[in-house]
Amino acid sequence: AAVRASDLVARSGTDEFAVLLGHLRSAHDVARVARKLAQALTEPYLVDGQEVSLTVSVGTALFPEDSTCAVALFDYAGTALAQAKGRGRGGVLAFEPGMSATARQRLQTEAALRRAIERREFVIHFQPRVELATGRVLGAEALLRWQHPERGLLDPADFMAVAEASGLIAPIGEIVLAQACAFAMQREDGTTVSVNLSPREFRGRGMVAAVQAALTASGLPARRLAVEVTEASFHGDLDAAERTLTGLRDLGVRVVLDDFGTGHSSLACLRRFPVDAIKIEGAIVRAATENAADAHLVRAIAQLGHGFGLAVIAEGVETEAQRRQAQVCGCDEAQGYLLGRPLPAEAWAEQSPA
């Protein structure tokens, strides 16, 4: 209904469609139709009485400007689509020549990630979380690493965007959960462990079931597991986000709101969503030792968290001055290089936090 009778619409993949538009006057016409299609597909509709909304990404290529070859034209539109997905759901993007190399690199990374899942190339490092008043280690945050066969040990920044866009974040997240729970279960001192959930992972329908499965497989009591989510995880369907958080809390799992103070509606998150702790973003914590304004901000966040009955965690503590400032400002716990660097599970016992 959003295109002309002379245009062709075809299904080209599981959740991908191709549209062939003829008799266009300019690239502006392509963009206009693409936006019209996106708007038509994002209109809410009902399934079994439940309102459902989609997000749509669109990539376009134009004949003859981009190519005179039909196969290449189709590939270029797919390349633009992949770029649109990588920039965030809901975008419309036209092909540009420079995209080809980026697309090839993305596809290579995606293929390597699939092999990494099969070959169990992912490892987890654990960084201690310390009680500021006593220096006692309360738990650890599980941090994902990829032991790449050629490039060595990679941080999430090197591959997480591709994992998110390709949907591979779900099986990777299950690996993290399993290893984190197994690590905590091996600790006889009651150490708790926290796991970061990406926005796409959190919004997945099976999130609560995946956490339950990891707990059951490891035997770890739910109270010794925490999940860390950012405000970005709540964008879109707020009711669904609230159901997921409630489901996690019902399991007995703690919920930590990560990177607190960097979003535009952090206060609204505290009012609506059930969380147990907030973690102040590292840049804010470090800046608190540099000027009074940031110190007041950390103190205000700590007071706010305590007012809601939440634990307050300072992230990214790298110096003794930053640790003292975080404690003076009212933070309960902290983590950072000063207190302990991320280490593999087998090296955890050798670490001596300050």
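**Questions about pockets, strands and a helix**

Biologist: How much space lies in the second largest pocket?

Modeller: A pocket here is an open set of points on a 1 Å grid over the protein atoms alone, with protein on both sides within 12 Å along at least five of seven lines. Grid points are joined across faces, edges and corners, and the volume is the space filled by probe spheres set on the points. For the second largest pocket, that space is about 810 Å³.

Biologist: Before we go on, what kind of model is this?

Modeller: Residues are numbered from 1 along each chain as its sequence is written, and side-chain values use heavy atoms, with hydrogens and water left out. Local features need pLDDT of at least 70, side-chain atom pairs count only at pLDDT 80 or more, and totals for chains, interfaces and linings use all residues, since the model is predicted.

Biologist: Which element supplies the largest share of the lining of that second largest pocket?

Modeller: Lining residues have an atom within 4 Å of a point, and there are 32 of them here, with Glu141, Leu143, Pro156, Asn196 and Glu315 nearest the centre. Helices (H or I, at least four residues) and strands (E, at least two) are DSSP runs numbered from the N terminus. Strand S8, helix H5 (169-186), S10, helix H6 (199-203) and strand S12 (254-260) each supply at least two lining residues. The largest share, 5 residues, comes from S8.

Biologist: How many residues of that lining are charged?

Modeller: Asp, Glu, Lys and Arg count as charged; Ala, Val, Leu, Ile, Met, Phe, Trp, Tyr, Cys and Pro count as nonpolar; and the others, Gly among them, are polar. The lining of the second largest pocket holds 14 nonpolar and 8 polar residues, and its charged residues number 10.

Biologist: Which residue of S11 stands opposite Val195?

Modeller: Two strands pair if DSSP finds at least two bridges between them. S10 runs parallel to S8 (residues 137-148), joined by 4 bridges, and Ala142 stands opposite Val195 there. S10 also runs parallel to S11 (residues 225-229), again with 4 bridges. In S11, the residue opposite Val195 is Val227.

Biologist: Which element gives the most to the lining of the largest cavity?

Modeller: A cavity is a set of grid points where a 1.4 Å probe fits but cannot get out; the whole structure has 1 of 30 Å³ or more, and the largest has a volume of about 40 Å³. Its lining includes Thr192, Val193, Ser194 and Arg254. The elements giving two or more residues to this lining are S10 and S11. With 3 residues, the one that gives the most is S10.

Biologist: Why do the buried residues of helix H12 lie on the same side?

Modeller: In H12 (residues 320-328), Gln322, Arg323 and Ala326 are buried. They lie on the same side because the arc they cover, taken from the directions from the helix axis to the C-beta atoms, is only 100°.

Biologist: What do those buried residues of H12 pack against?

Modeller: After H12 comes Gly330, with a positive phi near 105°. As for packing, contact means heavy atoms within 4.5 Å. The partners of the buried residues are helix H10 (282-287) and strand S14 (311-314).

Biologist: Is His23 buried or exposed?

Modeller: His23 is not a glycine, yet has a positive phi of about 55°. His23 lies in the loop between strand S2 (17-20) and helix H1 (27-41). Because its relative accessibility is 78%, His23 counts as exposed.

Technical notes
Buried < 20%, exposed > 50% of the residue type's maximum accessible area, 1.4 Å probe, protein only.
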